[in-house]
Amino acid sequence: MATLRELKSRIGSVASTQKTTSAMKMISSAKMRKATQQLQRLSPYRDMVRNVISHLLVTDSEFDSPLLNSREIQRVALVVMGSDDGLCGAFNINIFKQLLVSIEKWRNLGVAVTVIPVGRKLTKATLKLNIEGVEVETTDLNTRSDSNRLHDFTANLVDRFTACELDCVEVFYMCFKSAGKQVLENEQLLPVRYEALTGQVDESAANSPCLFEPDANAIFRSVLPLHIRATMQNIFTQSAASEQAARVMAMQTASDNAKELLDTLNLEYNKLRQSAITTELLDILGGQVVR
């Protein structure tokens with residue numbers, strides 16, 4: 001049985017843990033709000049790009065771009081968005097499990113796979129992969145990188161696709177739905193699917209015809225890279241918000257568990273203390289009777 005001193009020490013340790021997890025929850029909540037605000041700030045830019053593409057697609061012009069070219073897939077790049085820090089529950093584990101499923105799918109098709117992890121945790125996990133036909137490529141992009149570094153990373157993927165070094169680029173990430181819900185998504189970044197573009201067409205664009213200079217196809221070829229950049233920026237920010245939301249939930253669970261354990265230890269401490277006091281009283285009364 002634990003002594004009073006041991007119980008008091010454990011109570012102090014658990015109380016300290018509860019304070020730490022509560023503080024970490026508050027910090028993660030602030031970071032999550034910051035990420036969601038950034039998502040809102042991105043909306044006008046994404047809407048503008050979508051609006052331009054909508055006006056282009058409602059015309060009778062024919063469009064072509066190297067970013068639309070679908071070809072036989074011989075090498076695919078799988079970009080996985082993870083976290084640099086831990087204590088975020090199953091955030092990285094769920095992404096890694098889906099990555100393994102995708103790797104197996106592409107290997108069964110005889111396609112060479114290049115895995116590009118973003119975030120220290122997933123980088124550490126993917127570097128341990130020892131699968132034939134799978135190459136892990138590290139990058140200096142992380143969850144704290146600014147938009148310029150992200151745009152450089154995206155431009156590198158685009159250049160490698162147009163140079164036929166990569167035939168397809170997919171991105172795995174957690175999409176932020178709410179503070180309590182994040183959904184794992186798998187989005188094809190390259191080649192850009194024409195069907196996905198037409199699915200985003202705003203019907204009101206047909207009622208507001210525009211004049212295009214120099215011509216619609218030239219503008220389309222210029223706007224498409226902006227669409228890819230906006231998509232990647234959205235994915236990056238969605239992942240950041242989801243990470244912090246997962247950490248909030250993990251810290252809330254840890255804080256609740258610490259509180260439950262603290263209540264149990266306090267009860268045990270009080271019972272043991274009461275027992276010790278009762279024993280001392282009995283000893284005192286016993287001594288008086290002997291006299």
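These questions and answers cover some terms applied to this predicted model.

The model is predicted, so local features need pLDDT of at least 70 and side-chain atom pairs count only at pLDDT 80 or more, while totals for chains, interfaces and linings use all residues. Residues are numbered from 1 along each chain as its sequence is written, and side-chain values use heavy atoms, with hydrogens and water left out.

Q: Why is Ser-22 called partly exposed?
A: Buried means under 20% relative accessible area, exposed over 50%, and partly exposed in between (1.4 Å probe, protein chains only). Ser-22 has 29%, so partly exposed is the term.

Q: What makes the pair Ser-22 and Ser-255 a polar contact?
A: A polar contact is a pair of N or O atoms within 3.5 Å; within protein, one must be able to donate a hydrogen and the other to accept it, and residues adjacent in sequence count only if both atoms are side-chain atoms. The side chains of Ser-22 and Ser-255 make such a contact at 3.3 Å.

Q: Why is the charge of Arg-71 said to sit over the ring of Phe-161?
A: The term needs NZ of Lys or CZ of Arg within 6 Å of the ring centre and within 35 degrees of the ring normal. The charged end of Arg-71 is 4.4 Å from the centre of the Phe-161 ring and sits over it. Phe-161 is also one of the buried residues of helix 4.

Definitions and conventions
Helix = DSSP H or I, 4+ residues; strand = E, 2+ residues; numbered from the N terminus.
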